[in-house]
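User: I'm new to this one. Can you walk me through the structure?

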Amino acid sequence: MISTQPTGGRLLLEELPGRWRGLREAGPVRHDEAQGVWQVLDHEHVAAVLADPATYSSDLSALSPTQPDFETFTQGNFVGMDPPEHRKLRTLVSQAFTPRVVQGLEPRIEAVCARLLDEVADQDRFDLVDTLAYPLPIIVIAELLGIPAEEHRLFQEWASVLFGGDQLGEAPDMADLERALEAIAPTVREMNSYMLDYIRARRAAPGDDLTSRLIAAEVDGVRLRDQEMVGFVALLLVAGHITTTALLGNAVVTFDRHPETAAALRADPPRIPTAVEEVLRWLPPFPELGRRVTRPVVLDGHEIPADTLLMAHLGAANRDPARFDAPDVFDVTRSPNPHLTFGHGIHFCFGAPLARLEARIALNMLHERFRTLVIPSHEDITYQNPAVLIGVRQLPVEVGRA
């Protein structure tokens, strides 16, 4: 499902907070009868759920529809794992994805960003997603992994299928999920074959790249098997770029709706990092995280049985008035800003530093290159399905040069 601008002249991205506020009005914990899941909606309870993997498991396989290709593909996906398996894979990626590696990417990110913007140097209008927000992070992560970055259009197609939510409504149930898994199975099969061939080639001829370092890395004498590497590398490649793509699009849309803020940032570029944090709080790319309740629990007076699907709602938690002053005000000077967009606890997004770095560089360069940058018509924006990903698919912009 591709969401377009709602009727009444309001942006989808501006309607979402109202929906989240409506969910919270029933209390911090509620049961969604339509979807058959429990939702946790306030900052305190969401943080507690994410910090307790023993009670709230990330392994949803027992509750989710099964699909052979998808099960094979996710063997190395540590996002859906609990300790001790999670610790092994997280430690492996931490060995090869250090803060030093990320900081060392800054010159390359700047070069890629400059090259992409050079390609529209003679254009006053272009699509920001197609020009910059998508290719920048996928090229960077592909180069980091040693995968040919010139194939980024293929990777974009994969991400579009996996995260587009085209087979889902905005409140999907299990039947919807089953249909979605069947629909994406051919893409997953293609990814599995591509990644397996690539990993075997890298194992036979290692290079100076993250994939080769992951192949060589070990924890307690254990190394990743080829099929584990498939899900692992694919997670980094596909999921590793989508957050930055969504973040950049969300930032440009939000700044366009707050022109005084945009002007202040243009006049004072060092404020961009705090502005990025506020965009992350304002519109988290992944609005909910699923957890399986492993034992009977009581949350806010509600008895929740074991083997129940519980959704930790990051979007609602990030607007919790008990945690944030004036939560429905977009404030790029907000500090501290304890949003939960990158998660909390053992599953905190290890790619967060890279996403922040890419966003800062890209927004700075947009300000340097263009005297003005506006969205001429919000009716031309197309959106992702917000049940899966909060972001834009197409974002036509108009620029003015000095």
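**Chain overview**

Analyst: Buried residues make up 54% of the 402 residues in the chain; buried means under 20% relative accessible area, exposed over 50% and partly exposed in between, with a 1.4 Å probe and protein chains only. This is a predicted model, in which local features need pLDDT of at least 70, side-chain atom pairs count only at pLDDT 80 or more, and totals for chains, interfaces and linings use all residues. Residues are numbered from 1 along each chain as its sequence is written, and side-chain values use heavy atoms, with hydrogens and water left out.

User: What is the mean pLDDT of the chain?

Analyst: The mean is 88, and 92% of the residues reach 70 or more. pLDDT is the predictor's confidence in each residue, from 0 to 100.

User: And where does pLDDT stay under 50?

Analyst: Over residues 1-9. The model has 34 contacts for that stretch beyond four places in sequence, a contact being heavy atoms within 4.5 Å.

User: How many helices and strands are there?

Analyst: The chain has 16 helices and 13 strands. These are DSSP runs numbered from the N terminus: helices are H or I with at least four residues, strands E with at least two. The radius of gyration is 21 Å, close to the 21 Å from the globule rule for 402 residues, so the chain is as compact as a globular protein of that length. That radius is taken over C-alpha atoms, and the rule is 2.2 Å times the number of residues to the power 0.38.

User: Which strands does β3 pair with?

Analyst: Strand β2 (residues 29-32) pairs with β3 in the antiparallel sense over four bridges, and Val29 stands opposite Val40. Strand β9 (residues 308-313) pairs with β3 in the parallel sense over three bridges, where Ala312 is the bridge partner of Val40. Two strands pair if DSSP finds at least two bridges between them.

User: What about β5, β13 and β10?

Analyst: Those three strands form an open sheet in the order β5-β13-β10, with antiparallel pairing. β5 (125-127) and β10 (372-374) stand at the edges with a single partner strand each, so one side of each has no neighbour in the sheet.

User: Which residue is the bridge partner of Leu373?

Analyst: Val399 in β13. β10 and β13 (residues 396-400) pair over three bridges.
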